[in-house]
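Welcome! Please take a moment to look over the sequence and the 3D structure below, and then we will walk through them together.

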Amino acid sequence: MTPPVDIDAAINEAMPTEEPRQHYTHWSSEVGHPCERFLYHARVDWPARRLPDVHLLKIFEQGRDIEERVRFRLAKCKERFEIPDTGFPLTTLEEYQISGKLDVRIRQNGLVYPGEIKSIQDHAWKRLPSSGSEEVFPNSVVLDALSGGYWRYRMYPAQLQLYIFGEALAKRVSPERALGFFIFVSKATTEEKTIWTELDYEYVEGLLQKAERVNTAIARHTPPDRMPFDLKVCGQCDFQHICLPDVDFGQGAKVLPDEQKYQICRRAWELGLKDILSRDEFAEEASLHKTIKEIGHGEELLIVEGEDGHAEIRGHAVKNGWKHDSFDVFAREGVAA
Ligand code: SF4
């Protein structure tokens with residue numbers, strides 16, 4: 001029997017779409033991107049930027065919802081600290097053509113501290129340390145703590161460091177206590193973990209120099225060199241189609257960023273590593289393999305990108321249809337089961 005209506009399709013079609021947004025400046029959230037050429041394209045070729053698909057739109061929506069939830073929770077802490085503003089613009093780095101908007105600032109005992117709210121995958125969240133009332137972590141520790149997760153997480157410290165520096169320039173934070181904080185939120189449970197960190201001037205100096213190099217490249221209409229090819233970064237780059245039009249991501253390969261499908265592959269791979277399966281696991285593995293075949297149907301090489309790795313599903317055409325050959329999962333170092 002055919003269902004009366006395809007609800008999933010209706011929801012997807014009703015999702016609000018995004019328009020390309022003009023980049024007059026570097027967005028602070030992107031200055032930590034590993035590729036200077038990306039920063040150049042983001043400013044110069046913004047109309048050509050690849051727009052998020054429905055999968056990504058839903059992830060962004062979830063991030064905004066979680067951020068709102070955390071603001072709501074913070075607003076209930078008025079007795080402990082004041083929240084002077086949220087969504088506060090960063091205006092002190094105009095000279096470097098960097099702009100941004102702080103998620104939140106709190107004030108206590110006359111001192112102001114900028115903060116960023118980031119929702120992340122539960123397994124990455126679990127590995128993070130927490131400051132509690134005890135510890136302020138150096139920026140290097142925060143970078144290390146985030147390095148085992150999704151590659152974009154490593155851009156977060158740059159954003160917060162620029163905010164702390166911007167606030168220091170505006171003399172809104174004390175030079176001796178130029179601190180900021182992340183509130184990391186598990187996407188699975190919405191639990192928070194706050195990490196306090198201090199201004200890392202040397203690191204910020206590197207970011208400012210990078211912004212200036214890209215600004216010079218823009219003025220000269222000469223894109224910076226490409227970063228060494230990295231499937232994770234280039235494969236998800238919004239300017240891949242203009243930067244690497246001739247790059248073959250593999251014979252007949254297609255790159256599909258899809259966390260849900262990646263997790264299906266990853267779970268099947270984890271079950272495949274087990275010596276003995278329970279009855280339920282045996283049934284689960286069979287069902288996952290069937291789904292993986294469906295995901296890869298019609299693609300010689302489908303690269304399914306997830307936050308902590310990627311899966312490769314291979315197949316080839318046969319006389320009467322399609323034959324699934326294999327699948328592999330390449331979890332990122334430090335995350336692999
Ligand atoms: S495709 Fe790779 S090299 Fe080109 S701009 Fe994007 S990240 Fe940089």
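In which helix does G235 lie? G235 lies in helix α8. Helices here are DSSP runs of H or I with at least four residues, strands are runs of E with at least two, and both are numbered from the N terminus. This is a predicted model, in which local features need pLDDT of at least 70 and side-chain atom pairs count only at pLDDT 80 or more, while totals for chains, interfaces and linings use all residues. Residues are numbered from 1 along each chain as its sequence is written.

Let us stay with G235 for a moment. A residue is called buried if 20 or more other C-beta atoms lie within 10 Å of its own, exposed if 12 or fewer do, and partly exposed in between, with C-beta atoms placed from the backbone. G235 has 19 C-beta neighbours inside 10 Å, so it counts as partly exposed. Along the sequence G235 and E305 are 70 residues apart, and in space their C-alpha atoms are 8.4 Å apart.

Helix α8 also brings us to the ligand. Around the ligand there are 13 residues, and the closest are C35, R226, C234, C237 and C243; a residue is near a molecule if its C-beta atom, placed from the backbone, lies within 6 Å of it. The elements giving two or more residues to this shell are α2 (36–44), α8 (231–235) and α9 (240–243). The largest share, three residues, comes from α2. Sorted by class, the shell has nine nonpolar, two polar and two charged residues. In this sorting Ala, Val, Leu, Ile, Met, Phe, Trp, Tyr, Cys and Pro count as nonpolar, Asp, Glu, Lys and Arg as charged, and the others, Gly among them, as polar.

Helix α2 has its own buried residues: F38, L39, Y40 and H41. Their cover includes β1 (26–27), α7 and α9.

From α7 we can move on to its meeting with α6. The axes of α6 (residues 156–169) and α7 (residues 201–219) come within 10 Å and cross at roughly 100°. Axes are lines fitted to C-alpha atoms, for helices over the stretch in contact, and angles run from 0 to 180 degrees between N-to-C directions. The two helices, α6 and α7, are therefore roughly perpendicular to each other, a term for angles of 65 to 115 degrees. On the α6 side A158, Q161, L162 and F165 take part, and they meet Y203, V204 and L207 in α7. The residues of this contact divide into six nonpolar, one polar and no charged. Contact means that the C-beta atoms of two residues, placed from the backbone, lie within 7 Å.

Now for the strands. Strands of a sheet pair through backbone hydrogen bonds, either parallel or antiparallel. Two strands are taken as paired if DSSP finds at least two bridges between them. Strands β3 and β4 run antiparallel and are joined by five bridges, with R107 opposite V112 in β4. In their hairpin, which has two residues between the strands, N109 takes a positive phi near 50°. Nine of the 10 residues of β4 (residues 111–120) are buried, so this strand is largely enclosed by the rest of the structure.

Strand β4 pairs with β5 in the parallel sense over six bridges, and the bridge partner of G115 is F181 in β5. Next, β5 and β6 run antiparallel, joined by seven bridges, and G180 stands opposite T197 in β6. These two strands, β5 and β6, form a hairpin with five residues between them, and T190 in the turn has a positive phi of about 60°. T190 is partly exposed, with 13 other C-beta atoms within 10 Å.

Our last stop is an open sheet of four strands in the order β7-β8-β9-β10, with mixed pairing. At its edges stand β7 (253–257) and β10 (321–331), each with a single partner strand, so one side of each is left without a neighbour in the sheet. From one strand to the next the twist averages 20°. Strand β9 (residues 309–318) pairs with β10 in the antiparallel sense over 10 bridges, and G309 stands opposite A331 in β10. Helix α10 (residues 259–273) lies across β7, β8 (301–306), β9 and β10, running at about 100° to β8.

Terms used:
Parallel < 35°, antiparallel > 145°, perpendicular 65-115°, else oblique.
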